[in-house]
Amino acid sequence: MGLFSFFKKSDKLGQENTIDSKDLLQNIEVENTDNNQDVVTKLSYHPDWEVPQEQKYIFNFLANELEPLKPNQLSLSSISIEEDMRSKKWQVRAFFRSSLPQAIELGEIELFIMDKNDELVASKKFDFAALGTIPAESARPWVFEFEKSTIKVDEIPEDGWKIAFNLVSLRGHQLELDPSWEKQLPEAQKEELAKIVKTLPKLGETEVNFTGLQAKLADNGNFNVSIFIRNGHNKAINLEQLPLEIIDATGKQIAKGSFKMDPILTVQPNSTKPWTFIFPAELVDAKDADLSRWTARVTQ
């Protein structure tokens, strides 16, 4: 296998990203253990590999340097990055480790490369089925290949980089409630909002979407509009100023205004936050409005 040429005698262990197995194995039953002792992971090769003796020395040396894990953890231990000069792909060497007391098989997982300042420099989804069955309490060396299109910088990061699990994508898209909403809403309404969020179309990875939730004309002529602000990014977004217009079922603009968010409104990664905007009566033209269906748009 050409894989072995990527691991060299000069390789050293770098940063480690460790998570609780429950964050990743939501659909896999993890065996309970009362043992809280540290787990020393044992080197494990893919069953299809025929590892040259010299390479075994390198793998053993690196594996012996690994720190013990706590029970029921999963980890990515960074080793090194090499760039293919022709394709500009990054060959990222790492150990995937498990301290679980049972063997596991995994599916698709998104991984990040973060620099020493925790800035994202590359991201890609990998099918971990390629790694094969991961034995209990083991460390499997692997090369994760990041194509040029998945890399966001021009140069390989300096020392201090790490390969990490994207936990935001693993947990799925979630409802995020502002503390004021969290405090005021009954549990039944919170559950209803969460159900609605689950039925909404899936967002693109860099998409921000505004979806109407509820619109009501007040007796004083104000127009109260509740909107789902949906963030598909893997980073939080901050809204300082939001110019909005509301279009009814006939295509008529019935309200338009710009809202200064004070304090700034933050929507967490891969989350949907409901928010209510009140258009003053002078910004509303609701005569003969058809609110059986309506749309919220961000204007320029």
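## Questions and answers on the protein

Colleague: Where is Asp118 found?
Modeller: In this predicted model, local features need pLDDT of at least 70 and side-chain atom pairs count only at pLDDT 80 or more, whereas totals for chains, interfaces and linings use all residues. Residues are numbered from 1 along each chain as its sequence is written, and side-chain values use heavy atoms, leaving out hydrogens and water. Strands (E, at least two residues) and helices (H or I, at least four) are DSSP runs numbered from the N terminus. Asp118 is found in the loop between β5 (108–114) and β6 (120–127).

Colleague: Why does Asp118 count as partly exposed?
Modeller: Buried means under 20% relative accessible area and exposed over 50%, with partly exposed in between (1.4 Å probe, protein chains only). Asp118 is partly exposed because its relative accessible area is 45%.

Colleague: What is phi of Lys88?
Modeller: Lys88 lies in the loop between β3 and β4 (90–98), and it is partly exposed, with a relative accessible area of 30%. Lys88 is a residue other than glycine, yet its phi is positive, near 70°.

Colleague: Is Ser75 buried or exposed?
Modeller: Ser75 has its place in strand β3 (residues 73–83). Its relative accessible area is 0%, so Ser75 is buried.

Colleague: With which side chain does the side chain of Ser75 make a polar contact?
Modeller: A polar contact is a pair of N or O atoms within 3.5 Å; within protein, one must be able to donate a hydrogen and the other to accept it, and residues adjacent in sequence count only if both atoms are side-chain atoms. A contact in general means heavy atoms within 4.5 Å. Not counting residues up to four places away in sequence, Ser75 touches several residues, including Asn17, Phe95 and Phe165. At 2.5 Å, the polar partner of the Ser75 side chain is the side chain of Glu16.

Colleague: Which peptide bond is cis, with omega near 5°?
Modeller: Pro263 is found in strand β13 (residues 253–267). The cis bond, with omega near 5°, leads from Asp262 to Pro263.

Colleague: What is the radius of gyration of the protein?
Modeller: The radius is taken over C-alpha atoms, and the globule rule is 2.2 Å times the number of residues to the power 0.38. The C-alpha trace spans about 80 × 50 × 30 Å along its principal axes. A compact globule of 300 residues would have a radius near 19 Å, but the protein has 25 Å.

Colleague: How many helices and strands does the protein have?
Modeller: Buried residues make up 44% of its 300 residues. The secondary structure comes to 4 helices and 15 strands.
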